[in-house]
Amino acid sequence: MAKKKVTIKDVAREAGVSTAAVSYVMNNRTDVRISDETRKKILQVINLLDYTPNQAARSLVANKKSIFAIYIPASDSVLIEAEYMHKARILTDFFHRNSYETILLNDDDPGKCDQADAIICIDSSSDDFRRLGDSNFIPLVALDCMINDPLFFQVNDDPERIISEAETHFGHDFHVLMLRTPNLEKISFYRRYFKHLEIISSMADALHFSDQNVVVLNWSVYSLMSERTDLLYLPSLSDSKLTQLLSCIEKAMSRKPAELHDILV
């Protein structure tokens, strides 16, 4: 027996609101005053019933570009801030080429984001990630941070790939330099793989390893060390990683089930 199609009337009935209110929320109307409590309840019912607009409604918004918000934590390190801005530029260029636009969230008050269709959290702590999740009912994807929750996609560098490329280049004698991160789960994860993982936040930190073979994943660190001959640069935001990130976002937006949420590239 075919499953009965959920309609906007079903959502309105379950949420105890009018069909107009459901429509306003789904279309992110800002000219109509709807309380946060009501909006939250409608979104919860939409997710619970797995409601999607009919084909006619979808066609009305087919030409509308989706907007992705990029959340970047604040840092007191110039080197880390430079890395965040580099990643934001790379992401903006990549998404624009794929017909998506981006906005940056203000770290002072990231909270509710009504303008975007999805949020990409870069190098964020688990607490910040969940705070954004509690305030927004749009897909969240973790980039270069470990959330370890099957409800959310996370996309990170594959340590086995890094080890393979480093050993091909240096043999077994090398140090991996990683910028300081508020995501402690990420550090714990990579320490299980890398014998010499060095957490740095300034150029002075990097100079401690001037006589060592070093593997660098961050552009801001590489840009200051590029003349060294004992350095291997493996860019964190590779084309394959960006493609995987976009695939995860699109799956999350379409609510397509996915067995694998922990992506290593």
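Colleague: Is arginine 131 buried, exposed or partly exposed?
Modeller: This is a predicted model, where local features need pLDDT of at least 70, side-chain atom pairs count only at pLDDT 80 or more, and totals for chains, interfaces and linings use all residues. Residues are numbered from 1 along each chain as its sequence is written, and side-chain values use heavy atoms, leaving out hydrogens and water. Buried means under 20% relative accessible area, exposed over 50%, partly exposed in between (1.4 Å probe, protein chains only). Arginine 131 has a relative accessible area of 36%, so the answer is partly exposed.

Colleague: Which side chain makes a polar contact with the side chain of arginine 131?
Modeller: A polar contact is a pair of N or O atoms within 3.5 Å; within protein, one must be able to donate a hydrogen and the other to accept it, and residues adjacent in sequence count only if both atoms are side-chain atoms. Here the distance is 2.6 Å, and the partner is aspartate 128.

Colleague: How many disulfides does a search of the whole structure find?
Modeller: A disulfide is a pair of cysteine sulfur atoms within 2.5 Å. The search gives a count of zero.

Colleague: Which cysteine sulfur is nearest to that of cysteine 121?
Modeller: Cysteine 121 is in no disulfide. The nearest cysteine sulfur is 6.5 Å away, and belongs to cysteine 145.

Colleague: Is cysteine 121 buried or exposed?
Modeller: Look at the relative accessibility of cysteine 121, which is 0%. That value makes cysteine 121 buried.
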